[in-house]
Amino acid sequence: MTSEEIRSSFQEGDEQGNFDRLAALVELEGEGCLDVMRAVLEDTVEVGGIYSNLRNGALELMAKHFPGHPALEASLWKALEIDEYLHIDFLYPVVVLYDRPRALAMLEAEVARGVPQAIKLLAAEPSARPRLLELADRALAGEDPGRFIVLLGDVAREPEIAARIRPLADTVPAAAEIAMADGDVALIRRVADQLSSADVRWRNAALKALGRLASGEAFERASPLFTAADRTKEAGRSRIESIGWTFRTLAQPLDTRWLPFLIGRLADEQDQHVRGSLVSALSMFGVDAAEAIVGAARDDKDKHVLAALPDALAEIGPDHGVRELVRAAADNATGKRKKALEAALEMFDA
């Protein structure tokens with residue numbers, strides 16, 4: 001399309017289409033399209049209606065193609081006046097080229113609102129480091145330091161920030177997660193002791209602590225949850241499922257006791273929900289668990305096992321004789337167990 005055709009093709013309400021048109025116009029005309037850029041920023045009707053997403057797109061194009069261009073400065077300040085939904089990701093790189101103090105003040109305001117990306121941008125600005133540390137000190141001494149630590153994201157692991165967080169490790173779950181990176185085994189064990197905590201934040205930290213312990217110690221701490229009195233309740237089942245997902249992410253091999261332990265629990269467990277969770281957990285052991293999973297369902301009423309079975313087998317995959325094992329079992333099965341096994345076969349080929 002020619003420049004003239006693009007200029008005449010903007011359509012009201014078509015944010016994505018209008019952004020594509022604007023980007024194409026920038027490529028074709030360069031500075032010749034600054035009038036359209038101003039129209040977008042200032043919310044005129046020249047491009048068929050303006051919305052925040054399109055204006056954010058215009059800011060992105062400004063940063064890339066017209067950084068600090070004097071002809072767009074007045075329009076930028078107008079955009080700030082009329083649009084409260086400009087995203088800091090796009091806004092800060094543009095504003096900082098015109099007015100650094102104003103840009104940093106905007107970042108601080110966004111940090112106060114709890115915008116994670118604003119914290120990352122502030123941390124990346126060397127001149128703002130003292131201010132970031134001041135904000136961190138105030139937040140960490142406040143009523144909800146854990147919320148601020150979570151908002152910090154990877155910034156929390158920077159040495160100056162992490163040093164301020166570590167003293168809270170025994171009282172704030174998010175702080176414990178940061179402090180465990182130092183390898184303090186005593187702390188890691190204290191956090192792992194929270195596996196049965198009523199506070200989900202502590203339970204999540206405890207799951208991460210398991211991954212920092214030796215595999216044998218992790219087994220000894222986590223396996224009792226599979227026989228705990230509350231394992232049949234929602235909280236207990238949730239802990240069991242979380243352990244299964246956590247162990248899938250670990251780099252080191254699991255303790256060799258896990259597979260026979262889980263197979264034994266599957267044989268002894270009566271609660272249907274827990275039995276389904278055990279089948280899902282077994283799938284992390286791959287081919288070695290395939291036979292136990294295939295034969296897990298006791299009858300057609302074992303509905304949670306039957307529901308978990310196709311996904312568990314699909315996670316293992318059809319290789320190393322698994323397909324043949326499932327096919328033979330399906331040929332000899334009836335009812336819902338047959339359907340579950342056939343569903344697994346279908347998932348192998350999906």
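Visitor: Which residues does Ser9 touch, not counting residues up to four places away in sequence?
Guide: A word on the ground rules: this is a predicted model, where local features need pLDDT of at least 70 and side-chain atom pairs count only at pLDDT 80 or more, while totals for chains, interfaces and linings use all residues. Residues are numbered from 1 along each chain as its sequence is written, and side-chain values use heavy atoms, with hydrogens and water left out. Contact means heavy atoms within 4.5 Å, and once residues up to four places away are set aside, Ser9 touches Met1 and Arg21.

Visitor: Is Ser9 buried or exposed?
Guide: Ser9 sits in the loop between helix 1 (3–7) and helix 2 (15–29); helices (H or I, at least four residues) are DSSP runs, numbered from the N terminus. Buried means under 20% relative accessible area, exposed over 50%, and partly exposed in between (1.4 Å probe, protein chains only). Ser9 has 17% relative accessibility, so it counts as buried.

Visitor: Which residues have the most contacts inside the largest nonpolar core?
Guide: A nonpolar core is a set of buried Ala, Val, Leu, Ile, Met, Phe, Trp, Tyr and Cys residues joined through side-chain atoms within 4.5 Å. The largest one here has 60 residues, and its largest share, 7 residues, comes from helix 6 (residues 88–98). Those with the most contacts inside this core are Met37, Ile149 and Ile165.

Visitor: How many residues are in the second, separate core?
Guide: Its members include Ile240, Ile243, Val279 and Phe285. The count for this second core is 57 residues.

Visitor: Which helices are included in what covers the buried residues of helix 8?
Guide: The buried residues of helix 8 include Ala118, Ile119, Leu121 and Leu122. Ala123 belongs to helix 8 (residues 116–123) too, and its relative accessible area of 12% is why it is buried. The cover includes helix 6, helix 7 (100–113), helix 9 (129–140) and helix 10 (145–152).

Visitor: Which backbone oxygen does the side chain of Arg275 reach?
Guide: Arg275 is part of helix 18 (residues 272–282), and it counts as buried because its relative accessibility is 2%. Its contacts include Leu266, Glu269 and Asp302. At 2.7 Å, its side chain reaches the backbone oxygen of Ala296.

Visitor: How far apart in space are Ala123 and Asp311, C-alpha to C-alpha?
Guide: In sequence, Ala123 and Asp311 are 188 residues apart. In space, C-alpha to C-alpha, the distance is 43 Å.

Definitions and conventions. Helices (H or I, at least four residues) and strands (E, at least two) are DSSP runs, numbered from the N terminus. A polar contact is a pair of N or O atoms within 3.5 Å; within protein, one must be able to donate a hydrogen and the other to accept it, and residues adjacent in sequence count only if both atoms are side-chain atoms.
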